Structures are given as structure tokens and as C-alpha cells.
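Here are my notes on this entry, in numbered points. Please read them with the structure open.

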Number of protein chains: 2
Amino acid sequence: MGFMSSSAVQDRTSRQRARGERCCDRDLRSSLSAAEARAITRDLEVLAHPVRLQLLEVLLRKQGRVCVCDLEAAVPVKQPTVSHHLKLLREAGLVGSEREGVWAFYFVRREALEAWRSRVAAALRWFE
Amino acid sequence: MGFMSSSAVQDRTSRQRARGERCCDRDLRSSLSAAEARAITRDLEVLAHPVRLQLLEVLLRKQGRVCVCDLEAAVPVKQPTVSHHLKLLREAGLVGSEREGVWAFYFVRREALEAWRSRVAAALRWFE
DNA sequence: GGGAGTCATTGACAAGCATCGATGAGGGTG
DNA sequence: CACCCTCATCGATGCTTGTCAATGACTCCC
């Protein structure tokens with residue numbers, strides 16, 4: 001790719017654009033860095049699954065702690081899968097758990113959920 | 001799957017209750033139907049990928065239409081992958097495209113994006 | 001028509017994710 | 001102690017998603 005003749009330059013002006021070059025803006029990197037973008041998508045992914053959504057919803061409706069055996073009854077998957085999704089929610093910080101005897105009780109971590117909500121809300125504001 | 005005799009049901013129930021008072025709450029279906037949950041997660045999934053997030057962000061920043069070759073420069077994946085993600089955004093209704101000569105220009109469909117935003121915002125409100 | 005460029009699609013492959021049976025850890029009960 | 005219960009983890013399996021080289025459809029310019 002060498003030089004353009006001056007007539008080619010002229011063509012480009014009248015035509016707006018010549019083939020073989022970059023179309024419009026040179027400077028089109030996203031204002032979102034790859035790191036920022038991944039941070040946002042990680043937040044979205046946590047609840048981008050129906051079971052996790054439903055689990056969190058149940059935990060929220062019952063203000064207190066809920067036993068796993070009850071959560072199990074609230075969603076259409078088997079126990080190991082429930083455990084799996086609860087683990088993801090826990091690793092995301094949105095819920096906590098306590099063992100009590102034979103049972104495990106899960107509960108919403110309000111502050112963390114609130115932080116999650118405002119991060120997502122902030123992300124939404126990008127798209128106004 | 002077979003039936004349990006009613007005495008077996010009785011035994012089972014009383015045994016579970018005997019194990020604790022909190023467990024096995026009756027009223028525990030999610031207020032979110034499986035269908036509602038699925039609808040929400042589909043909305044979340046669209047933008048739960050860094051490349052799609054960045055593409056949409058670029059399209060929004062340039063108010064008008066953007067040529068694919070420019071979008072290509074804005075994200076860290078190759079052309080077929082860009083095409084792939086643009087297709088997903090298009091199928092979700094968030095962007096549209098027009099062919100113009102050799103070039104394809106993409107643009108944000110404002111109304112659809114706005115509808116998307118309010119659906120997600122409504123979903124967020126579940127988790128207040 | 002020939003050549004070069006843009007973009008979509010195809011096809012192959014890999015990586016990630018969801019699911020569940022089996023098993024294990026650990027506590028309660030008789 | 002022997003047994004049963006709850007829940008976590010492991011391991012195998014199938015499905016979905018992301019990625020890119022290759023190809024194809026189409027357009028423009030000479």
C-alpha cells in the first residue's frame with residue numbers, strides 16, 4: 001500500500017471514501033476498555049441464568065435464611081445443580097450461607113446485592 | 001414413577017418436620033415463572049459478552065451509521081467473529097444494518113434499545 | 001471481463017457451561 | 001454403633017458459544 005495519486009485523493013473527497021482504506025474514523029476504539037467490558041459482562045452473567053435468577057428471587061422474598069432443601073423445591077433442577085448455582089451466587093458475593101446441623105441456610109447479602117445493582121444500573125446508563 | 005402409599009407420605013412428612021422447624025416451607029415457588037425468568041435472562045445474555053458490549057458502545061458513540069470495517073478495528077477479534085456478534089445484536093433487534101455499495105453500515109435502533117433498557121431496569125427492580 | 005475489496009456464511013475446532021448420578025463428609029437419631 | 005439425612009464435590013456427558021481460516025456473494029473500478 002503506497003501513495004495515493006492526487007487525483008485519487010480528490011476522488012476520495014468527492015466519494016467520501018475509497019476502497020482499501022479505513023472507512024471513517026481512525027480513532028474508533030471503544031471507550032470501554034476490554035477490562036471494563038469484561039467487568040460489566042461478569043456482573044451480567046451472574047444472573048443471566050434462569051435458575052440463578054429464581055434462586056435469588058426466592059431468597060429475597062423470604063427475608064431471612066432459606067434451607068437448601070427448600071430452594072431445591074423452588075427450581076426445576078436436581079440437588080447437585082442447585083448446589084452448583086448457589087456456589088456461583090456465593091462466589092459472586094451475592095449470597096452467603098451458614099451451616100446449621102444437617103442443614104445449610106442461604107441468605108442474600110444485601111449490601112453486595114445493592115452494589116451489584118448499582119454497577120449494573122451504571123452500565124445501563126451507558127446505553128441511554 | 002410410582003405412587004407412595006399414604007402412610008409412607010405421612011411417615012416421610014413427619015420425619016422431615018421432626019428434623020427441624022424452619023425447613024420445608026410450603027410456600028416456596030418462585031414468583032418468577034420459568035418463562036419470565038427465561039425472558040429476563042435472554043435480555044441479559046445479549047450484552048453479557050465483552051465484544052457485543054463494545055460494539056454497541058461504539059455504535060452509540062457515533063450517532064450515525066458505522067461501517068463494519070471500522071467496527072472490526074474497534075474490537076479485538078477477527079472479521080468473521082465481528083460479523084457473528086453483529087448478527088446476534090441484529091437478531092436481538094438492538095441494531096440494524098444497511099448495505100451501501102461494498103460497505104455495510106450498522107446503526108443502533110434507538111427505540112428497541114430503549115425498550116431493552118426498560119425491561120432490564122424493571123428486572124433490576126425485582127432485586128431492590 | 002479481470003482484479004481487488006467488503007462482508008456474510010460455512011465448517012471445524014476448542015472452550016465453557018449446565019446437568020445429574022455417584023460418592024463423600026459430616027451431623028443427627030435410634 | 002449402624003443408619004439415615006442434608007448438602008457439597010467429583011466426574012462424565014452433552015449442549016452451547018466463541019473463534020477463525022476458507023470460501024462465496026456481491027460491488028466497484030479499470
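1. The contact between the chains takes 45 residues from chain B and 43 residues from chain A. Keep in mind that this is a predicted model. On the side of chain B that touches chain A, the elements giving two or more residues are α2 (34–46), α3 (50–61), α4 and α6 (110–125) of chain B. The most comes from α3(B), with 8 residues.

2. What is the make-up of that side of chain B by class? It has 29 nonpolar, 6 polar and 10 charged residues.

3. How do the two copies relate?

4. Do the copies meet through the same surface or through different ones? Of the interface residues of chain B, 96% are also interface residues in chain A, so the surface is the same.

5. Helix α2 of chain A covers residues 34–46. Its 13 residues should span 18 Å at 1.5 Å a residue, and its end C-alpha atoms are 19 Å apart, so the two values agree. The buried residues in α2(A) are Ala37(A), Ile40(A), Thr41(A), Asp43(A), Leu44(A) and Val46(A).

6. Helix α3 of chain A (residues 50–61) has 12 residues. From first C-alpha to last, α3(A) reaches 16 Å, close to the 16 Å expected at 1.5 Å a residue. Why call α3(A) largely enclosed? Because 9 of its 12 residues are buried, the rest of the structure largely encloses it. Among them are Pro50(A), Val51(A), Arg52(A), Leu53(A) and Gln54(A). Leu55(A), Leu56(A), Val58(A) and Leu59(A) are buried too.

7. Turn now to the DNA. DNA strand C is surrounded by 24 residues, and the closest are Pro80(A), Gly101(A), Cys69(B), Pro80(B) and Ser83(B). At least two residues of this surface come from each of α5 (79–91) of chain A and α4 (68–74), α5 (79–91) and β3 (103–108) of chain B. The largest share, 5 residues, is from α5(B).

8. By class, the surface near DNA strand C holds 12 nonpolar, 8 polar and 4 charged residues.

How values were computed
Residues numbered from 1 in each chain as written. Chains lettered and ligands numbered in written order. Predicted model: local features only at pLDDT ≥ 70, side-chain atom pairs only at ≥ 80, totals over all residues. Near = placed C-beta within 6 Å. Helix = DSSP H or I, 4+ residues; strand = E, 2+ residues; numbered from the N terminus. Nonpolar A, V, L, I, M, F, W, Y, C, P; charged D, E, K, R; others polar. Contact = placed C-beta atoms within 7 Å. Expected span 1.5 Å × (residues − 1). Buried ≥ 20, exposed ≤ 12 C-beta atoms within 10 Å, placed from the backbone.
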